[in-house]
Amino acid sequence: MNVPRDDVLILGGGAIGLATALALLESGRGVRVLEAGKAGGGASHGNCGTITPSHAPPLAAPGVVAQALRWMLTPDAPLYLRPRIDPSLWRWLLRFSARCNPRDWRASTQARASLLNDSRARLQDWIGRYGLDCEFTASGLDYVFRQRGYFERYAAECETLRTFGIASETIDGDDYLRSEPALLPGVVGAIRFPGDAQLRPDRYAAELARAVRERGGAIEEDCAIDALEADADGVIARGARGAWRGGETVVALGAWSPAFARRLGLRLPIQPGKGYSITYSRPSRVPSRPLVLKDRSVCVTAWGSGFRLGSTMEFSGHDTRLNPVRLGALERAAREYLREPVGAVVEERWYGWRPMTWDDLPVLGRAPGHSRVWVAAGHGMLGISMSAASGQLMADLMCGRAPAIDPAPYRMERFSA
């Protein structure tokens with residue numbers, strides 16, 4: 001059978017796949033992106049669009065397991081584990097719980113900070129270089145607290161974050177409320193991360209796709225791939241629309257990446273962490289920068305084009321229900337904090353699956369035992385934030401260049417240790 005051949009096939013057209021495609025094109029490689037739906041239509045679409053070096057600390061932290069167990073019977077809790085029989089999830093949770101100690105917390109924080117800090121700077125460069133029209137603003141981001149004990153504990157943790165190059169400013173509650181009239185009384189304090197930023201994620205993904213096409217890359221949408229075969233000459237990806245051969249391939253399928261890894265005899269321990277958001281028309285009075293309502297773990301982002309509440313983490317497998325309890329928790333949190341908690345018109349209620357590894361680090365690099373297969377997956381809640389750095393790191397590794405950051409923490413081989 002005569003199968004057309006491309007230089008690199010990228011399976012997955014989310015932010016990570018598109019950023020990798022763009023970085024490869026800029027390195028002189030040819031790319032074809034194969035996307036099961038619409039480019040940017042998965043987990044890249046409905047998140048809160050914050051660019052967050054501040055989020056370097058991983059989910060696996062001391063005390064998280066005990067807190068998660070207390071929340072198991074609370075369906076609207078920020079972190080919810082739906083009880084069910086799922087051996088792969090249980091194995092994942094055992095490895096996750098083993099990481100909830102100070103030594104591993106620090107190791108993951110360092111590796112995440114390296115990617116996030118590089119991506120924050122690189123993304124701003126990409127915005128200018130490629131003319132990405134995505135409502136990007138170097139606004140900073142505020143963590144806002146109504147519980148004093150939590151505020152004081154997190155302020156102390158910020159001293160550690162400074163050692164990873166993440167600057168912050170602690171603000172008294174009264175001072176904060178005077179400068180931020182969109183919030184209700186009761187804020188005891190805030191922590192500002194001036195190095196964070198925001199953008200509109202669906203527009204960012206659309207702009208990445210535009211930049212890829214303008215530079216000669218091809219994007220095949222509605223092109224689900226059912227089989228992947230690798231041999232000494234390259235890779236063949238097969239689906240209902242046909243077959244494509246590439247010299248190399250990048251698996252960037254987010255929470256769906258483990259299924260493809262298994263077809264190649266690889267174990268990729270990624271669990272789908274379900275997140276939710278609600279997008280509204282923009283209220284008349286909104287915060288001046290994105291907020292994380294830390295006591296409720298809810299993110300608030302306002303753009304010129306809209307307003308979004310999002311977050312929560314639900315481990316329920318690839319559950320396709322739009323859970324009204326989880327959505328309601330977003331609005332209840334906003335009503336505790338904001339004078340105008342929602343917009344007049346609900347534009348979209350959304351969920352998406354975040355690809356969660358148990359050490360909260362992405363997988364970036366060559367697949368073990370496969371010279372032509374690469375993996376870029378497992379970015380958890382930070383795919384948009386890490387996209388530019390991840391794409392560039394993948395391009396550097398695939399082109400044999402020394403990358404800007406050490407790739408060792410992200411290698412897939414760590415899962416076999």
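Mentor: Contact here means heavy atoms within 4.5 Å. Leaving aside neighbours within four places in sequence, L309 is in contact with C48, Y276, S277, I278, Y280, C299, V300, L330, E331, A334, P341 and V342. The model is predicted: local features need pLDDT of at least 70 and side-chain atom pairs count only at pLDDT 80 or more, while totals for chains, interfaces and linings use all residues. Residues are numbered from 1 along each chain as its sequence is written, and side-chain values use heavy atoms, with hydrogens and water left out.

Trainee: Why is L309 called buried?

Mentor: Buried means under 20% relative accessible area, exposed means over 50%, and partly exposed is in between (1.4 Å probe, protein chains only). L309 has a relative accessible area of 0%, so it is buried. This residue lies in strand β16, residues 306-315; helices (H or I, at least four residues) and strands (E, at least two) are DSSP runs, numbered from the N terminus.

Trainee: What makes Y154 buried?

Mentor: Its relative accessible area is 9%, so Y154 falls under the cut-off for buried. Y154 lies in helix α5, residues 148-162. Not counting residues up to four places away in sequence, Y154 touches S54, P57, Y143, F145, L161, I191, F193 and K294. The C-alpha atoms of Y154 and L25, 129 residues apart along the chain, are separated by 42 Å.

Trainee: Why is the pair of D360 and R112 called a salt bridge?

Mentor: A salt bridge is a side-chain nitrogen of Lys or Arg within 4 Å of a carboxyl oxygen of Asp or Glu. The closest N and O atoms of D360 and R112 are 3.5 Å apart, so the pair meets the definition. D360 is in the loop between β17 (346-357) and β18 (363-366), while R112 is in helix α4 (residues 102-130), and the two are 248 residues apart. Both D360 and R112 are buried; for D360 the relative accessibility is 5%.

Trainee: What is the phi of D360?

Mentor: Phi of D360 is near 60 degrees, a positive value in a residue other than glycine. Most residues other than glycine have a negative phi. D222 also has a positive phi, near 50 degrees. D222 lies in the loop between β9 (218-220) and β10 (225-231).

Trainee: What makes D359 and R414 a salt bridge?

Mentor: The N to O distance is 2.6 Å, so the pair is within the cut-off. D359 lies in the loop between β17 and β18 and R414 in the segment after α10 (383-398), so the pair ties together parts that are 55 residues apart in sequence. D359 and R414 are both buried.

Trainee: How many salt bridges does the structure hold?

Mentor: The structure holds 31. E26, E207, R210, E214 and R215 are linked in a network of them.

Trainee: How many positive and negative side chains does the protein have?

Mentor: There are 52 positive and 45 negative side chains, and the centres of the two sets lie 3 Å apart. Lys and Arg count as positive and Asp and Glu as negative, with His and the chain ends not counted. The place of a charge is NZ of Lys, CZ of Arg, CG of Asp or CD of Glu.

Trainee: How many helices and strands does the protein have?

Mentor: The protein has ten helices and 19 strands.

Trainee: Why is the protein called as compact as a globular protein of that length?

Mentor: The radius of gyration, taken over C-alpha atoms, is set against the globule rule, 2.2 Å times the number of residues to the power 0.38. The protein comes to 21 Å, close to the 22 Å that the rule gives for 417 residues, so the description holds. Buried residues make up 58% of the 417 residues.
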